[in-house]
Amino acid sequence: MKLAVRYYSKGGNTKKIAEAIAKAVGTEAKTVTEPLDEDVDILFLGSAPYAFDVDDEVKNFISSINVSVGKVINFSTAAVIRSTRKYVEKLFAEKNIPVAEEEFSCRGAFTVLHKGRPNEDDLKSAAEFAKKIIS
Ligand SMILES: Cc1cc2nc3c(=O)[nH]c(=O)nc-3n(C[C@H](O)[C@H](O)[C@H](O)COP(=O)(O)O)c2cc1C
């Protein structure tokens, strides 16, 4: 099974989750500035909301996909909303790439909110989630 992990993280919260997921599935977490260079069965894509949307770098990454992607597993950290799935889903729909119902999301520290998140428990949960996805 071919897997890839890509993420965008301004402050490092989503990067932590990306690295936990990548380690769990035996690959490397790369930023969305690195385009997919081969077909993949599963793309784990991590992002966070900034003012009710994902960053343009995430959008550009999705638009530029020119390989076959079996399915996308969204993961995200956020201070308020539940996840970024709805923001990326519509972009993948335009490319006929399915985004799985299953996703991983947890709180990410933002100003006075959610200090220390993601924490060790979040990283453990992310790793367990990713292992289940590929099992
Ligand atoms: C400029 C800015 C805008 C944000 N807007 C939102 C938002 O609209 N909804 C939300 O739930 N969290 C929002 N957050 C919180 C971040 O999504 C959260 O802290 C996330 O974990 C950041 O991930 P990162 O460290 O990987 O960049 C915002 C954070 C910043 C810095």
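I count two strands as paired if DSSP finds at least two bridges between them. Helices (H or I, at least four residues) and strands (E, at least two) are DSSP runs, numbered from the N terminus.

The model is predicted: local features need pLDDT of at least 70, side-chain atom pairs count only at pLDDT 80 or more, and totals for chains, interfaces and linings use all residues. Residues are numbered from 1 along each chain as its sequence is written.

Entry, sheet. I looked up strand S1 (residues 3–7) and found it paired with strand S3 (residues 40–47) in the parallel sense, over five bridges. Val5 stands opposite Phe44 in S3. I then traced the open sheet, where five strands run in the order S2-S1-S3-S4-S5 with parallel pairing. Strand S2 (29–31) and strand S5 (104–107) are the edges, each pairing on one side only.

Entry, helices. I checked H1 against helix H4 (residues 120–134): they pack at an angle of about 40 degrees, with their axes 8 Å apart. Axes are lines fitted to C-alpha atoms, for helices over the stretch in contact, and angles run from 0 to 180 degrees between N-to-C directions. H1 is therefore oblique to H4, since angles under 35 degrees count as roughly parallel, over 145 as roughly antiparallel, 65 to 115 as roughly perpendicular and the rest as oblique.

Entry, ligand. I listed 20 residues around the ligand, of which Ser9, Gly11, Asn13, Thr14 and Gly108 come nearest; a residue is near if its C-beta atom, placed from the backbone, lies within 6 Å. H1 gives the largest share of this shell, three residues.
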